[in-house]
Amino acid sequence: MESTLPNCPECGSEYTYEDGNLLVCPMCNHEWSAEDDTAVEENEIKDVNGQVLNDGDDVTVIKDLKVKGVSSVIKQGTKVKGIRLVDPEDGHDIDCKVPGIGQVGLKSSVVKKVNK
Ligand SMILES: [Zn+2]
């Protein structure tokens with residue numbers, strides 16, 4: 001049977017094999033899912049460092065932000081828990097609740113993902 005498996009995205013090895021829903025590279029032991037590769041990529045929202053953000057992630061604000069209609073400022077370093085990704089409106093692609101401020105839209109370019 002001819003193999004149509006993709007090469008390993010980590011090391012480029014062609015000796016990849018399937019293990020359930022995962023693809024496995026025997027050369028570098030990298031495991032990944034063959035399916036969510038293409039489907040998800042279009043809508044990826046990334047933080048300032050290029051890390052992909054997901055619903056429910058925690059992030060830190062990387063600079064002071066003025067909030068429309070609110071007199072307070074979201075301070076640099078503010079931790080925001082449980083973000084929700086939304087279709088960008090005016091570039092705001094994150095919906096979240098900021099402590100002391102309330103529900104606001106943030107831009108993914110001003111946040112940094114908190115690795116749990
Ligand atoms: Zn590999």
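The chain is divided into domain 1 (1–38) and domain 2 (58–113), with bounds that come from an automatic or database domain assignment. The centres of domain 1 and domain 2, taken over C-alpha atoms, are separated by 37 Å. The model is predicted: local features need pLDDT of at least 70 and side-chain atom pairs count only at pLDDT 80 or more, whereas totals for chains, interfaces and linings use all residues. Residues are numbered from 1 along each chain as its sequence is written, and side-chain values use heavy atoms, with hydrogens and water left out.

The zinc ion has as protein donors (N, O and S atoms within 2.8 Å of the metal, or 3.2 Å for Na, K and Ca) Cys8 (SG), Cys11 (SG), Cys25 (SG) and Cys28 (SG), which lie 2.3 Å from the ion. Along the chain, these donors follow the spacing C-x2-C-x13-C-x2-C. The arrangement is tetrahedral because the 4 donor atoms subtend angles of 107 to 114°, the criterion for four donors being that all angles lie between 85 and 135 degrees. Cys8 is buried, with a relative accessible area of 4%, whereas Cys11 is partly exposed at 40% relative accessibility; buried means under 20%, exposed over 50%, and partly exposed in between (1.4 Å probe, protein chains only).

Strands (DSSP runs of E, at least two residues) β11 (residues 92–98) and β12 (residues 102–106) pair in the antiparallel sense over 5 bridges, where pairing requires that DSSP finds at least two bridges. Cys96 stands opposite Val104 in β12. The hairpin of β11 and β12 has 3 residues between the strands, and Gly100 takes a positive phi near 80° there.

Technical notes:
Four donors count as tetrahedral if all angles lie between 85 and 135 degrees; four count as square planar and six as octahedral if opposite donors are over 155 degrees apart and all others between 65 and 115; anything else is irregular. Helices (H or I, at least four residues) and strands (E, at least two) are DSSP runs, numbered from the N terminus.
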